[in-house]
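Reader: I am new to this structure. Please walk me through a few of its parts, one question at a time.

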Amino acid sequence: MHYFHWIAGTILALAWFSRIVDAAMGMPSVADVSKPEWDRDVVAAGDSQRVSIIVPARNEEEDIESSLRTLLALDYDNYEVIAVNDRSTDRTGEIMERMARNPQLPGPHFSQRTRAMGRPLLRVIHHRELPAGWLGKTHAMWTATNQANGDWLLFTDADVLFKPDSVRRALAYAEAERADHLVLFPQMIMKRPGEYMMIAFFQTMFVFAHRPWKVADPKARDHIGVGAFNLIRRSVYEAVGTYEALRMEVVDDMKLGKVVKNAGFAQRNVFGSDLISIRWAHGAMGMVDNLTKNSFAVLSFQWWRTLISAFGLAFLNLMPFLGVLLAHGWERLPYALALVSMFLIYLGMSWHSPVPAYYFALHPVSTVLFVYILLRSMFHTLWNGGIIWRGTKYPLEELRKGMV
């Protein structure tokens with residue numbers, strides 16, 4: 001046991017300490033487009049670039065009106081919004097049509113600049129059936145891009161709230177940096193302790209695994225994609241095969257980032273404070289339900305990989321806490337170094353998100369829940385022979401064949 005603690009503790013200390021050092025050196029290079037220097041107009045070749053904003057939605061009657069209303073109040077002067085009603089069985093399509101006919105004026109919290117722009121075009125597409133070999137969401141986005149006329153395509157979700165200057169600032173950065181694909185991180189709206197706890201853990205693992213500061217490095221394999229804000233040049237979108245190449249990808253947002261990066265195009269990710277915001281889940285168990293759908297997909301629908309990942313997740317995140325309690329004397333030192341490094345990641349994240357650093361104390365609880373998510377996602381997918389997403393079943397065999 002004496003040697004075990006020194007070996008395990010040293011591995012954990014090196015893993016967490018190396019990541020916090022890497023993050024401390026790299027994170028300052030990730031821009032924040034909410035800062036004053038990005039409050040500028042976008043002009044390329046004498047004219048503003050047209051942006052087509054694509055919003056797929058299935059049974060989103062609670063959120064779609066609020067989301068579309070913020071999109072129709074952007075202060076950018078050259079854009080269109082294409083909303084896709086993907087076989088909804090609620091009032092989603094009806095709300096879209098009503099807003100297209102009469103978007104109404106924005107409220108008093110919108111700027112005079114926004115009011116002076118006039119109303120952008122809102123078009124609505126209705127899908128009644130889903131062709132074979134497609135996921136509903138990827139099919140919705142693909143058909144919308146076929147009707148879009150923008151130089152840039154912005155894929156977003158039906159529950160995202162935009163501030164008026166969000167797209168203008170993001171596009172100003174993308175043009176200045178000559179980026180081909182830009183991800184703007186959303187601010188998470190959190191109202192319950194369980195949401196803070198789970199999102200804190202998710203962000204910690206995201207920093208640990210995906211290294212946002214490496215995304216801009218063409219030599220690094222790190223890539224990015226976020227469903228709330230994937231902005232891509234139309235020419236690049238077509239060059240990587242459009243969403244037709246990702247038609248059966250459950251984690252389509254990250255896979256879009258992967259194919260863009262692998263093709264050698266310039267990819268960037270940026271912070272933006274509350275330029276866009278989203279409430280991802282209601283409570284801790286809401287997070288469990290949301291992530292059950294795609295966690296097995298992230299691991300390529302491989303059971304052995306999922307079991308290894310569940311063990312690795314538990315070892316990496318629980319063992320520093322257990323080691324400090326179970327080890328003796330100086331054997332506690334490497335575990336303590338791992339915990340300090342972990343806490344510093346929480347502290348750094350608190351500067352860019354509303355999650356207080358003290359949620360570090362609940363890290364073991366969220367670890368157990370995330371291990372449960374991995375195993376639950378695997379079990380449900382294997383038991384059902386596929387995933388059931390928004391009322392549609394997608395067979396596991398087709399999902400595996402369609403993976404990029």
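**Strands, helices and one buried threonine**

Author: To start with strand β1, V51, I53, V55 and A57 point one way, S52, I54 and P56 point the other way, and all are buried. Keep in mind that this is a predicted model.

Reader: How many residues of strand β1 are buried?

Author: In a regular strand, side chains alternate between the two faces of the sheet. Both sets of β1 residues, those pointing one way and those pointing the other, are buried. Strand β1 spans residues 51–57 and is mostly covered. The count of buried residues is 7 of 7.

Reader: Which residue of β2 is the bridge partner of S52?

Author: Strand β2 covers residues 79–86. β1 and β2 pair in the parallel sense, over 7 bridges. In β2, the partner of S52 is E80.

Reader: Is T70 buried or exposed?

Author: T70 lies in helix α2, residues 64–71. Buried means under 20% relative accessible area. T70 has 12% relative accessibility, so T70 counts as buried.

Reader: Where does L161 stand, and opposite which residue in β10?

Author: β5 (161–162) is an edge strand, as is β7 (187–188), and each pairs on one side only. The open sheet has the order β5-β10-β7, with mixed pairing. β5 and β10 (residues 276–278) run antiparallel and are joined by 2 bridges. In β10, the residue opposite L161 is S277.

Reader: How do the axes of α7 and α11 lie to each other?

Author: Helix α7 spans residues 193–210 and helix α11 spans residues 303–326. Their axes come within 13 Å and cross at roughly 105 degrees. Angles of 65 to 115 degrees count as roughly perpendicular. The two helices, α7 and α11, are therefore roughly perpendicular.

Reader: How many nonpolar residues does the contact of α7 with α11 have?

Author: From α7 come F201, M205 and F208. From α11 come L313, L316 and N317. By class, 1 is polar, none is charged, and the nonpolar residues number 5.

Reader: Why is α9 largely enclosed by the rest of the structure?

Author: Helix α9 runs over residues 252–262. Its buried residues include D252, M254, L256 and V260. α9 is largely enclosed because its buried residues number 9 of 11.

Key. Residues are numbered from 1 along each chain as its sequence is written. This is a predicted model: local features need pLDDT of at least 70, side-chain atom pairs count only at pLDDT 80 or more; totals for chains, interfaces and linings use all residues. Side-chain values use heavy atoms; hydrogens and water are left out. Helices (H or I, at least four residues) and strands (E, at least two) are DSSP runs, numbered from the N terminus. Buried means under 20% relative accessible area, exposed over 50%, partly exposed in between (1.4 Å probe, protein chains only). Axes are lines fitted to C-alpha atoms, for helices over the stretch in contact, and angles run from 0 to 180 degrees between N-to-C directions. Angles under 35 degrees count as roughly parallel, over 145 as roughly antiparallel, 65 to 115 as roughly perpendicular and the rest as oblique. Contact means heavy atoms within 4.5 Å. Ala, Val, Leu, Ile, Met, Phe, Trp, Tyr, Cys and Pro count as nonpolar, Asp, Glu, Lys and Arg as charged, and the others, Gly among them, as polar. Two strands pair if DSSP finds at least two bridges between them.
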